[in-house]
Amino acid sequence: MVQIIKDMDEFSRFLKAAGCKLVVVEFSAKWCGPCKRIYPLVHVRNFYSFNLKAMSLQYQNVMFANVDVDDSKELAQTYHIRSVPTFQMFKQTQKVTLFSRLKRAICCYGNGFMSKPIFEFCGADAQKLEAKIQELM
């Protein structure tokens, strides 16, 4: 199941309750077409219409949350949401980042650090979301 998050306190409690599990947070909006397309692939609509492809059912060891950016403007601003849907991943209450994922190993390409984030992406690409979940579990 997907937990609907309304405010910062609720979000903090949800992340703490997840412990060591991967948390996938979907920032979306009711009016967003791509959000509507990916909804059934992430969420279970109701008890009687289980979508067997719903990732929230398929990945029982991953916790899923949804934040409506219009209802939770503070969360959207805090997590720098610029477009919807945006998916961010968390572990142990912290956003999964390049350095946490690689255990702070030095990863350099040319003159700078590798800057491609692995903790979030925008868009309704279900295959990309599933690949990211599998990578971070």
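Phenylalanine 11 counts as buried in this predicted model, because its relative accessibility is 1%, where buried means under 20%. Phenylalanine 11 belongs to an aromatic cluster together with Phe27, Tyr79 and Phe90.

**Aromatic pairs around phenylalanine 11**

- The structure holds five aromatic pairs.
- One of these pairs joins phenylalanine 11 to tyrosine 79 in an edge-to-face arrangement, with 5.2 Å from centre to centre and 65° between the planes.
- This pair links distant parts of the chain, since phenylalanine 11 sits in helix H1 (residues 8–18) and tyrosine 79 in the loop between helix H4 (73–78) and strand S4 (86–91), 68 residues apart.
- Tyrosine 79 has a relative accessible area of 15% and is therefore buried, the limit for that class being under 20%.
- The ring of phenylalanine 11 also pairs with that of phenylalanine 90: the centres are 5.5 Å apart and the planes stand at 80°, so this pair is edge-to-face, a class that requires an angle over 60 degrees.
- Here too distant parts of the chain are linked, with phenylalanine 11 in helix H1 and phenylalanine 90 in strand S4, 79 residues apart.
- Phenylalanine 90 is buried, as is phenylalanine 11.

**The two faces of helix H1**

- The buried residues of H1 are Phe11, Phe14, Leu15 and Ala18.
- These residues lie on the same side of H1, because the arc they cover around the axis is only 95°.
- Strand S1 (2–5), S2, S3, H4 and S4 are the elements against which the buried residues of H1 pack.
- Asp9, Arg13, Lys16 and Ala17 are exposed, and they are carried on the face of H1 turned away from its buried side.

**The largest pocket**

- At least two lining residues come from each of strand S2 (22–28), helix H2 (33–42) and strand S3 (62–68).
- Helix H2 gives the most to this lining, with three residues.
- Sorted by class, the lining of the largest pocket comprises seven charged, four nonpolar and three polar residues.

- The peptide bond that runs from valine 84 to proline 85 is cis, with omega near -5°.
- Proline 85 is located in the loop between H4 and S4.
- Histidine 80 is found in the loop between H4 and S4, and its phi is positive, near 55°, in a residue other than glycine.
- Histidine 80 is classed as exposed because its relative accessible area is 51%, and exposed means over 50%.
- Tyrosine 79, the partner of phenylalanine 11 described above, is placed in the loop between helix H4 and strand S4.

- Glutamine 92 lies in the loop between S4 and strand S5 (94–95).
- The phi of glutamine 92 is positive, about 50°, although this residue is not a glycine.
- With a relative accessible area of 52%, glutamine 92 is exposed.

Notes
Residues are numbered from 1 along each chain as its sequence is written. This is a predicted model: local features need pLDDT of at least 70, side-chain atom pairs count only at pLDDT 80 or more; totals for chains, interfaces and linings use all residues. Side-chain values use heavy atoms; hydrogens and water are left out. Helices (H or I, at least four residues) and strands (E, at least two) are DSSP runs, numbered from the N terminus. Ala, Val, Leu, Ile, Met, Phe, Trp, Tyr, Cys and Pro count as nonpolar, Asp, Glu, Lys and Arg as charged, and the others, Gly among them, as polar. Rings of Phe, Tyr and Trp (its six-membered ring) pair if their centres lie within 6.5 Å; planes under 30 degrees apart count as stacked, over 60 as edge-to-face and the rest as tilted. Buried means under 20% relative accessible area, exposed over 50%, partly exposed in between (1.4 Å probe, protein chains only). The arc is that of the directions from the helix axis to the C-beta atoms. Contact means heavy atoms within 4.5 Å.
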